[in-house]
Amino acid sequence: MGKELEEGTAAALDFTKLKKVATCSEDVVPVVVQHAETKEVLVIAYANKQALDHTLKEKIATFWSTSRNELWVKGLTSGDYLKVIEVRVNCEQNSLLYLVVPMKTGVCHTKDSSGATRPTCYYRRLLPDGSALEFVEGMK
């Protein structure tokens, strides 16, 4: 991903994401990852059966990377593991909610201007007219 996409203020939403997910090699469901204590949404990812089984067994948030087509244990390379407190299923059983507690301070793979891993992937907001993005206070 380009630096402008992850750090810029130009609105460039990827409305084709679900088409891309549909062409990955695995059957997946979306996973909302929410901080168990603050209730802040940290990230949205996808899980297949293997990722869910690993999550339930290890109590560490695990997903299926739809871009790399491989199991993705959150924190395996960064150390920013997410301890799973509870897994919930929606009414239609087609999405999951992982209630987690971050084991360190970071969640997102991006870093702020001080070099620290961001505590959420939702560090920018869309302007009311949809024309651009702005950083959430304290997240730049």
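Leu13 is exposed, at 57% relative accessibility, in this predicted model. The residue is found in the loop between helix H1 (3-7) and helix H2 (17-22). Together with Phe15 and Leu126, Leu13 forms a nonpolar patch on the surface, and the accessible area of the three residues together is about 380 Å². The loop between H1 and H2 also holds Ala10. Ala10 has a relative accessible area of 41% and is partly exposed. Its C-alpha atom is separated by 9.9 Å from that of Gly130, although Ala10 and Gly130 are 120 residues apart along the chain.

The sheet was examined next. An open sheet is formed by four strands, in the order S2-S1-S6-S5, with mixed pairing. The edges are taken by strand S2 (41-47) and strand S5 (82-89); each of these has a single partner strand, so one side of each is left without a neighbour in the sheet. Direction ignored, neighbouring strands of this sheet are turned against each other by 25 degrees on average.

Strands of a sheet pair through backbone hydrogen bonds, in either a parallel or an antiparallel sense. In this model, strand S1 (residues 29-35) and strand S6 (residues 96-102) run parallel and are joined by five bridges. Within this pairing, Val33 has Tyr98 in S6 as its bridge partner. S5 and S6, by contrast, pair in the antiparallel sense, over seven bridges. Here the bridge partner of Lys83 in S6 is Val101.

S5 and S6 also form a hairpin, with six residues between the two strands. Gln93 lies in the loop between S5 and S6. Its phi is near 55 degrees, a positive value in a residue other than glycine. At 67% relative accessibility, Gln93 counts as exposed.

A positive phi also occurs just after helix H3, where Lys59 takes a value of about 65 degrees. Lys59, like Gln93, is not a glycine. The residue is placed in the loop between H3 and strand S3 (62-65). Lys59 counts as partly exposed, with 44% relative accessibility.

The side chains of Asp53 and Lys49 meet in a salt bridge, with an N to O distance of 2.8 Å. The two partners fall into separate accessibility classes. Asp53 is partly exposed, at 35% relative accessibility, whereas Lys49 is exposed, with a relative accessible area of 58%. The class of Lys49 follows from the cut-off, because a residue counts as exposed over 50%.

Side chains of opposite charge can pair when their charged atoms come close. The count of salt bridges in the model comes to six, and the pair Asp53 and Lys49 is one of the salt bridges. Another joins Arg88 to Glu86, with the closest N and O atoms 3.1 Å apart. Both partners count as partly exposed: Arg88 has a relative accessibility of 41%, and Glu86 has a relative accessibility of 35%. A further salt bridge is formed by the side chains of Glu134 and Arg125, at 3.2 Å from N to O. Glu134 is partly exposed, at 34% relative accessibility, and Arg125 is likewise partly exposed, with a relative accessible area of 38%.

Methods. Residues numbered from 1 in each chain as written. Predicted model: local features only at pLDDT ≥ 70, side-chain atom pairs only at ≥ 80, totals over all residues. Heavy atoms only, no water. Salt bridge = Lys/Arg side-chain N within 4 Å of Asp/Glu carboxyl O. Buried < 20%, exposed > 50% of the residue type's maximum accessible area, 1.4 Å probe, protein only. Pairing = 2+ DSSP bridges. Axes fitted to C-alpha atoms, helices over the stretch in contact; angles between N-to-C directions. Patch = residues over 30% accessible without salt bridge, like charges linked within 9 Å, V, L, I, M, F, W, Y side chains within 5 Å. Areas by Shrake-Rupley, 256 points an atom, 1.4 Å probe, with all protein chains shown as cover.
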